[in-house]
Amino acid sequence: MSAVYINSAACISVQDTLNENILQNLNPQNTVKIIKAIEPNYKEFIPPAMIRRMSKTVKMSSVASNYALKEAGIEKPDAIIVGTGMGCSQDSEKFLKNVIDNHEEFLTPTFFIQSTHNTVAGQIALGLKCHAYNFTYVNTSSSLEFSFLDAQLQINDGEAENILVGSTDEQTDRTMELYCLNNTIKKETDLPADHLNSKTNGVIWGEGASFFVVGKNKTESSYAKLTDIKISNRLELNETQEFIQEFLSKNNLSVNDIDTVILGFSSDADSDTYYTKAMNLFPDSALLYYKHLSGEFNTASGFSTFIACHILKEQQIPEVMMINGIQKGEVKTVLLYNHLAGDDHSLVLLEKA
């Protein structure tokens with residue numbers, strides 16, 4: 001498959017990623033169990049009457065997609081593809097609560113209609129009056145990667161030239177309670193979290209929305225070349241290095257050709273061993289991590305892709321992300337490796353545009 005270009009990138013996250021000097025203003029978040037996204041003033045982007053009916057993930061995605069399209073100079077994309085792990089879970093919880101509170105009678109359909117995972121892509125299309133290809137991927141932590149793959153296929157097959165690709169996930173009170181009960185989220189006694197040398201299980205949970213315009217051609221605003229993606233649902237720990245090496249060989253690269261590796265250390269002692277295995281493959285690369293900045297969630301890789309785009313465009317590596325302190329004179333290639341609790345492993349190869 002031919003490479004495509006990421007021509008714009010926008011992100012709403014627990015960091016102030018909508019403003020200037022993003023790489024200089026990153027602050028670690030490792031002292032609380034659940035971290036919430038920094039939300040913009042939605043009234044500047046969405047009519048007040050519509051805001052009341054939108055869940056958080058729809059609002060975040062509407063604004064992030066608006067930023068991405070504006071930066072790329074595109075009014076209407078040829079396709080809209082969104083990846084999400086949990087979808088509009090706030091509305092799902094509201095609907096289920098109504099079912100219980102009203103004894104399954106006299107239910108209004110609004111929350112049910114708005115609770116489907118494809119609500120985000122649909123709402124963006126409605127706002128843009130875009131009747132083009134519209135698809136949503138729900139593949140836990142590899143939802144964004146599947147969306148990028150689809151966009152690559154659409155462009156390579158000549159079906160589209162500019163595609164809006166995004167990822168989004170929100171927090172909900174009840175789900176966070178359940179995650180605390182089953183130890184997905186760290187206990188208070190295990191804080192502050194040590195993302196690189198954790199001895200405890202569980203993660204700090206975040207949220208956010210990241211949107212990109214992926215295009216056939218390089219433009220003045222291009223951030224990176226999206227070269228290739230590899231996804232594996234299951235991976236044994238001893239297969240990690242082979243998984244990465246096969247991916248690099250397919251792209252005629254060796255471990256020495258990778259300038260920067262961004263790993264998804266989440267502070268979960270059991271599953272972070274995959275990243276340690278991967279890290280040992282790259283003694284001469286700049287090694288970075290990011291979930292101490294974004295938190296862990298289904299589409300946290302959207303945040304890392306957004307940061308990687310800025311690293312390639314600005315040729316700067318934030319000190320707060322460094323693992324080994326290796327500095328490269330020029331960053332030409334970035335490899336992103338992510339999984340969620342040891343499942344759904346993904347590799348994304350980005351190159352300087």
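1. Let me start with one serine. Beyond its neighbours within four places in sequence, Ser-13 is in contact with Ala-37, Ile-38, Glu-207, Gly-208 and Phe-303, where contact means heavy atoms within 4.5 Å. Ser-13 sits in the loop between strand S1 (4–12) and helix H1 (48–51). Helices (H or I, at least four residues) and strands (E, at least two) are DSSP runs, numbered from the N terminus. The side chain of Ser-13 also reaches the backbone nitrogen of Gln-15 at 3.1 Å. Ser-13 counts as buried because its relative accessible area is 3%; buried means under 20%, exposed over 50% and partly exposed in between, with a 1.4 Å probe and protein chains only.

2. A word on what you are looking at. This is a predicted model, in which local features need pLDDT of at least 70 and side-chain atom pairs count only at pLDDT 80 or more, while totals for chains, interfaces and linings use all residues. Residues are numbered from 1 along each chain as its sequence is written, and side-chain values use heavy atoms, with hydrogens and water left out.

3. Now the overall picture. The protein has 11 helices and 10 strands. Its radius of gyration is 20 Å, close to the 20 Å that the globule rule gives for 353 residues, so the protein is as compact as a globular protein of that length. That radius is taken over C-alpha atoms, and the rule is 2.2 Å times the number of residues to the power 0.38. Along the principal axes, the C-alpha atoms fill a box of roughly 65 × 50 × 35 Å. Of the 353 residues, 55% count as buried. Among contacts with a separation of 6 or more, 79% are between residues 24 or more positions apart.

4. How many cavities of 30 Å³ or more does the structure hold? There are 3. A cavity here is a set of points, on a 1 Å grid over the protein atoms alone, where a 1.4 Å probe fits but cannot get out; lining residues have an atom within 4 Å of a point. Grid points are joined across faces, edges and corners, and a volume is the space filled by probe spheres set on the points.

5. The largest cavity has a volume of about 50 Å³. Its lining includes Met-86, Asp-169, Glu-170, Tyr-179, Trp-205 and Phe-297. Helix H7 (residues 173–181) gives the most to this lining, with 3 residues. By class, the lining residues of the largest cavity divide into 5 nonpolar, 5 polar and 2 charged. For these classes, Ala, Val, Leu, Ile, Met, Phe, Trp, Tyr, Cys and Pro count as nonpolar, Asp, Glu, Lys and Arg as charged, and the others, Gly among them, as polar.

6. The second largest cavity holds about 50 Å³ of space. Among the residues that line it are Glu-145, Tyr-290, Ser-304, Leu-336 and Val-348. Helix H11 (301–314), strand S9 (333–340) and strand S10 (343–352) each supply at least two lining residues. The lining of the second largest cavity has 4 nonpolar, 5 polar and 1 charged residues.

7. Ser-304, from that lining, is found in helix H11. With a relative accessible area of 3%, Ser-304 is buried. Leaving aside neighbours within four places in sequence, Ser-304 is in contact with Ile-262, Tyr-290 and Leu-336; of these, Tyr-290 and Leu-336 are also listed in the lining of the second largest cavity.

8. Another serine, Ser-62, is in helix H2 (residues 56–72). It counts as buried because its relative accessible area is 16%. Apart from neighbours within four places in sequence, Ser-62 is in contact with Ile-46 and Met-54. Ser-62 and Phe-106 are 44 residues apart in sequence and 31 Å apart in space, C-alpha to C-alpha.

9. Please check the backbone at a few places. Most residues other than glycine have a negative phi, and most peptide bonds are trans. A cis peptide bond joins Leu-191 and Pro-192, with omega about -5 degrees, and Pro-192 lies in the loop between H7 and strand S5 (208–215). Asn-252 has a positive phi, near 55 degrees, and Ser-267 has one of about 80 degrees.

10. Ser-267, in the loop between S7 and helix H9 (273–279), counts as buried because its relative accessibility is 0%.

Definitions and conventions: On a 1 Å grid over the protein atoms alone, a cavity is a set of points where a 1.4 Å probe fits but cannot get out, and a pocket is an open set with protein on both sides within 12 Å along at least five of seven lines; lining residues have an atom within 4 Å of a point. A polar contact is a pair of N or O atoms within 3.5 Å; within protein, one must be able to donate a hydrogen and the other to accept it, and residues adjacent in sequence count only if both atoms are side-chain atoms.
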